[in-house]
Amino acid sequence: MNLQTHTEHFTNPLYLESGRILEPYDITYETYGTLNDDKSNVVVICHALTGSHHAAGTYEGESKAGWWDGFIGPNKAVDTNKYFVICTNVIGSCFGSTGPMSTMHPHHEPYRYKFPVVSIKDMVKAQRILFDRLGIHSVEAIIGGSMGGMQALQFAINFPNFAKKVVSMAATYATQPWAIAFNKVASEAILKDPDFKNGYYDPKDIKENGLSGMAIGRMAGHISFLSHHSMSEKFGREYKRNDGLFELFGKFQVESYLEYNGNNFTKWFDPLTYLYITKAINIYDLARGYDSLEDALKNINAQLHLIGFKSDMLFLSEEMKVIGDTLKSIGNEKHNYFEVDSDYGHDAFLVELKKFDFYVKEVLDGKE
């Protein structure tokens, strides 16, 4: 599907919501499909917290496909036979775009704590600047889940004439205390780990050995991504075959699963990046800078499609309904709420694609 990765370098200052400036900066992005002559077939994909620009397909020698591969590609929901798809790595991340471990100009050392706090609004602003450089001044659709859904909503408010359609799933209008609390556990576990070295760790050491505090934090986060039902279905009360029920450190399957995923995660995701991006999620609030949520949502011109998941404990489906109800209260009829009947939890937007991919396809085809 003509999969390509690019990086653009920007020397003009990026003025951030905090009042600070980021310059210079890079944005790495991936494209799929073919751009038509009038550039009218563009679909933007926004990634979640630990995602990247690599949303679909595989490169030569790569065994694992992009994180939304079942959703993007030829004849899939986001059909690359029809659409030119772009997914950018957000600023603040660790997969090519400028983040806390990037080299700080004009020095030769990484930013670390000198990197400014970035918001979801900043991430979206940087992407919009990228699209301008690429000569893309409007798009057919913007689609994202979780933090990607936050970006999609922020696009709809801050750049109301940029996208015809916006699909936001498994997101919220403002991050609530439940999600902030899980992020607090993760950040404290990272900060208290001696191997974190107060942020002055060697990234090579982390990549080789992992970071136990970050692994513990990721375990806590992973619990919030699943649900009571999905854990029971997946693991039950099964023990590992070689562990005994009455051995003190014997493990249930669910414990082994959390350990494996937590430890593995620390070898491919940077801990400072995790702190910065969870901060961006924590401070996310569509109403910031406006008198109210109603005032913010008045800016939306796009056809807005909200997708909630019944068992999502991280961002409750009720939070997506609030956006829809608020739009209705201000007379905006160009929106729709679709609730997915799922027991899987927050990560259903990555796993249970067959429960909503048909809906997104109908949205893109103009049938919904």
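These are my notebook entries on what I looked up in this predicted model.

**Ground rules**

I number residues from 1 along each chain as its sequence is written, and for side-chain values I use heavy atoms, with hydrogens and water left out. Since the model is predicted, local features need pLDDT of at least 70 and side-chain atom pairs count only at pLDDT 80 or more, while totals for chains, interfaces and linings use all residues.

**Entry: the sheet**

I took helices (H or I, at least four residues) and strands (E, at least two) as DSSP runs, numbered from the N terminus. I counted two strands as paired if DSSP finds at least two bridges between them.

I found an open sheet of 8 strands with mixed pairing, in the order E1-E4-E8-E5-E9-E10-E11-E12. E1 and strand E12 (335–340) stand at the edges with a single partner strand each, so one side of each has no neighbour in the sheet. Neighbouring strands are turned by 20 degrees against each other on average, direction ignored. Axes here are lines fitted to C-alpha atoms, for helices over the stretch in contact, and angles run from 0 to 180 degrees between N-to-C directions.

I then followed E4 to its partners. E1 and E4 pair in the antiparallel sense over 7 bridges, and His-9 stands opposite Asp-26 in E4. E4 and E8 also run antiparallel, joined by 4 bridges. On that side Glu-30 stands opposite Cys-87 in E8, and Tyr-29 stands opposite Thr-88 in E8.

For burial I used these limits: buried is under 20% relative accessible area, exposed is over 50%, and partly exposed is in between (1.4 Å probe, protein chains only). In E4, 7 of the 8 residues are buried, so the strand is largely enclosed by the rest of the structure.

Helix H1 lies across E1, E4, strand E5 (42–46) and E8, and runs at about 100 degrees to E1.

**Entry: Ile-45**

I looked up Ile-45, which is found in strand E5. Ile-45 is buried, with a relative accessible area of 0%. Contact means heavy atoms within 4.5 Å. Leaving out residues up to four places away in sequence, Ile-45 touches Trp-67, Trp-68, Ile-72, Val-85, Ile-86, Cys-87, Thr-88 and Ile-143. Ile-45 and Gly-148 are 103 residues apart in sequence, yet 7.6 Å apart in space, C-alpha to C-alpha.

**Entry: aromatic rings**

Rings of Phe, Tyr and Trp (its six-membered ring) pair if their centres lie within 6.5 Å; planes under 30 degrees apart count as stacked, over 60 as edge-to-face, and the rest as tilted. By this rule I have 25 aromatic pairs.

Phe-10 and Tyr-25 form a stacked pair, 5.0 Å centre to centre with 15 degrees between the planes. Phe-10 is in strand E1 (residues 4–10) and Tyr-25 in strand E4 (residues 25–32), 15 residues apart. Both Phe-10 and Tyr-25 are buried.

Phe-115 and Tyr-276 form an edge-to-face pair, 5.4 Å centre to centre with 80 degrees between the planes. Phe-115 lies in the loop between strand E8 (84–88) and helix H1 (120–133), and Tyr-276 in helix H8 (residues 271–282), so the pair ties together parts that are 161 residues apart in sequence. Phe-115 is buried at a relative accessible area of 1%, and Tyr-276 also counts as buried, at 8%.

I also noted a cluster in which ring pairs link Trp-67, Trp-68, Phe-71, Phe-309, Phe-349 and Phe-356.

A charge sits over a ring if NZ of Lys or CZ of Arg is within 6 Å of the ring centre and within 35 degrees of the ring normal. The charged end of Arg-133 sits over the ring of Phe-10, 4.0 Å from its centre. Arg-218 lies over the face of Phe-265, 4.2 Å from the ring centre.

**Entry: helix H5**

Arg-218 is among the buried residues of H5. In helix H5 (residues 212–225), 10 of the 14 residues are buried, so the helix is largely enclosed by the rest of the structure. What covers its buried residues includes helix H3 (177–191), helix H7 (253–265) and H8.

A cis peptide bond joins Glu-23 and Pro-24, with omega about -15 degrees. Another cis peptide bond joins His-105 and Pro-106, with omega about 0 degrees. Pro-106 is in the loop between E8 and H1.

Arg-112 is found in the loop between E8 and H1. Arg-112 has a positive phi of about 50 degrees although it is not a glycine, and is buried at a relative accessible area of 11%.
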